[in-house]
Amino acid sequence: MDAARLKQSWSLVAAHGDQVPLYFYSTLFLAHPETRQMFPTNMAGQRDRLVTALGHIVSNVDQVDRLVGFLQDLGADHRKFAVRAEHYPAVGEALLATLQHFLGEQWTDELAQDWAGAYGLVSQVMIEAAQAAEAVNPPWWVAEVIGHERRAFDVAVLTLRPQYLLPFTPGQSIGVSHPSVRSWRYYSPANAPRADGTLELHVRAAPGGAVSSRLVYGSAVGDQLHLAAPVGDRLSLWSAGSADLLLLASGTGWAPVKALVEQVAAEGSRRKVDLYVGARSRTEFYDNDAIDKLASSYPWLTVTYVVGTDLQRPGEFVHAVDRALADGDWRSRHVYVCGSDEMVSYSAGALARAGYHAGQLHHEGLGKHWYGPAWRTAVDQASAPDNSGGSR
C-alpha cells in the first residue's frame with residue numbers, strides 16, 4: 001500500500017468539493033437502499049462529516065498509532081446508528097466507485113488495490129472496536145422524559161430517566177436523539193450523577209436543528225429518547241486537581257458548569273469557586289432560581305451575574321470574562337469556560353492576553369454540531385491551533 005499515492009489521489013478527489021459526498025451517498029443508497037435508514041433525513045451535515053473523516057484517515061494513513069485510536073472511536077460510536085459488520089462491504093463498494101468516478105483515467109489497478117487494502121484495514125479496526133464496545137456499553141440507552149419545562153421561547157430543561165444506569169463524569173457530553181429524527185446531538189448533563197440515575201438537560205433550539213427543535217418544541221413527559229455513551233474530558237475537574245476555580249458560563253453553557261458546581265459540593269473539598277454567568281439581557285437568565293439556591297447553600301461559591309447589553313451604552317457588550325478580569329487576578333486558579341463558540345473564543349483570547357496559560361484553561365472544541373468524539377478529533381486536527389472553545 002503506497003501512502004503517498006493514497007494521499008495524492010485523495011487530494012485530487014477532494015478538490016471536487018460537495019460533489020464527492022453527493023456521489024458517494026447516491027451510489028450507496030441506490031445500490032443498497034437498506035442503508036438509507038441509518039442516516040438523517042437532512043444529509044447536509046452528514047456530507048461534511050464524510051469528507052472530514054476521510055481526509056483525516058488519508059492524511060494519517062502512514063501514522064498507524066495515531067490513526068488506530070481515531071478508527072476505534074469511530075467504530076464504537078457508529079453502533080448508535082445501528083451499523084453492523086455486514087454494512088461495511090457496501091460502504092467500501094460505494095467508496096471505490098466514487099474514487100474511480102472522480103479520478104477518471106488516473107484510476108489504475110494499482111491505485112484500486114491500494115484503496116481496497118486501506119479500506120479493508122480501516123473497516124477491520126472499526127468492526128473489532130465495535131465488537132469490543134459491546135462488552136462495555138450498549139449501542140444506546142432508552143430514556144423516558146419525566147420532566148419538560150420551557151424556560152424561554154427557545155430553551156427547555158428536560159429531566160430524563162434512563163431505563164438503566166448511564167454512568168458519566170460531570171463535564172462530559174451525552175449523545176441524544178429522538179427516535180423520529182435520525183440524527184444525534186451532544187449535550188452535557190446539568191447535574192452530577194444522582195442516586196436515581198436521572199439526567200437534567202438544558203437545550204436551546206438551534207435554527208435548523210432537527211434534534212434540538214424536537215427536544216424543545218416537540219417533546220413531552222412520557223416520550224422516549226435515545227442516549228449515547230458519554231464522551232469528552234476537557235471540562236472534567238480531574239485536570240484541575242484540588243485548585244480553586246473560576247467558572248465562566250453563558251447561555252445553555254451553564255449546564256456543564258452547574259454539574260461541576262454540584263461535583264465540588266459532593267466531594268466536600270475546601271476549594272473556592274467564583275462563578276460568572278453571562279447573558280445578553282436579564283430575561284435570558286433562564287435558570288437563576290437554581291443558581292441562587294446553589295449560591296445560598298454553599299459559602300465557598302460566589303456568583304456574579306453579567307448582563308451584556310446596557311441601554312445606557314448602546315453598541316457596547318460586556319462579556320463575563322471582561323467582568324471577571326476587572327474584578328480580580330485569578331491566575332492561581334483553573335478556569336472553565338462554556339458557552340457559544342463566539343463567547344468561548346473571545347474568553348480564551350482575553351484570558352491568554354491577560355497571562356493565563358493554556359494548562360489552566362478548560363473548554364471544549366469549537367463546532368456547533370458535536371457529532372461524536374472521533375469526528376471532533378478530525379475537526380480539531382484540521383483546524384488552526386487556537387481553534388478551541390465550547391458550543392452550547
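A: The model is a predicted one. The answers below set each value against its cut-off.

Q: Where is aspartate 77, and why is aspartate 77 called buried?
A: Aspartate 77 is in helix α4, residues 64–77. Its relative accessibility is 13%, and buried means under 20%, so aspartate 77 counts as buried.

Q: What makes the link between aspartate 77 and tyrosine 186 a polar contact?
A: The side chains of aspartate 77 and tyrosine 186 are joined at 3.1 Å. The limit for such a pair of N or O atoms is 3.5 Å, so the 3.1 Å pair is called a polar contact.

Q: Why is leucine 99 called buried, and which residues is leucine 99 in contact with?
A: Leucine 99 has 1% relative accessibility, so it counts as buried by the rule of under 20%. Leucine 99 is found in helix α5, residues 88–103. Leaving aside neighbours within four places in sequence, leucine 99 is in contact with Trp10, Val13, Trp107 and Trp115. Contact here means heavy atoms within 4.5 Å.

Q: How far apart are leucine 99 and leucine 111 in sequence and in space?
A: Leucine 99 and leucine 111 are 12 residues apart in sequence, and their C-alpha atoms are 9.8 Å apart.

Q: Why is strand β8 described as largely enclosed by the rest of the structure?
A: Strand β8 covers residues 273–279, and seven of its seven residues are buried, so the strand is largely enclosed. Val273, Leu275, Val277 and Ala279 point one way, while Asp274, Tyr276 and Gly278 point the other way. Residues on both sides are buried.

Q: What makes β7 and β8 a strand pair, and what makes β8 and β9 one?
A: Two strands pair if there are at least two bridges between them. Six bridges join β7 (residues 245–250) to β8, and the two run parallel. Seven bridges join β8 to β9 (residues 301–307), also in the parallel sense. Tyrosine 276 of β8 is the bridge partner of leucine 248, and tyrosine 276 stands opposite threonine 304 in β9.

Q: What makes glutamate 144 and arginine 161 a salt bridge?
A: Side chains of opposite charge can pair when their charged atoms come close. The N to O distance between glutamate 144 and arginine 161 is 3.3 Å, and the limit is 4 Å, so the pair is a salt bridge. The pair links distant parts of the chain, with glutamate 144 in strand β1 (residues 141–152) and arginine 161 in strand β2 (residues 155–162), 17 residues apart. By this rule the count comes to 16 salt bridges.

Q: What makes the ring pair of tryptophan 141 and tyrosine 164 tilted?
A: A search of the whole structure finds eight aromatic pairs. Tryptophan 141 and tyrosine 164 form one that is 6.4 Å centre to centre, with 40 degrees between the planes. Tryptophan 141 is in strand β1 and tyrosine 164 in the loop between β2 and β3, 23 residues apart.

Note on methods:
Residues are numbered from 1 along each chain as its sequence is written. This is a predicted model: local features need pLDDT of at least 70, side-chain atom pairs count only at pLDDT 80 or more; totals for chains, interfaces and linings use all residues. Side-chain values use heavy atoms; hydrogens and water are left out. Helices (H or I, at least four residues) and strands (E, at least two) are DSSP runs, numbered from the N terminus. Buried means under 20% relative accessible area, exposed over 50%, partly exposed in between (1.4 Å probe, protein chains only). A polar contact is a pair of N or O atoms within 3.5 Å; within protein, one must be able to donate a hydrogen and the other to accept it, and residues adjacent in sequence count only if both atoms are side-chain atoms. A salt bridge is a side-chain nitrogen of Lys or Arg within 4 Å of a carboxyl oxygen of Asp or Glu. Rings of Phe, Tyr and Trp (its six-membered ring) pair if their centres lie within 6.5 Å; planes under 30 degrees apart count as stacked, over 60 as edge-to-face and the rest as tilted.
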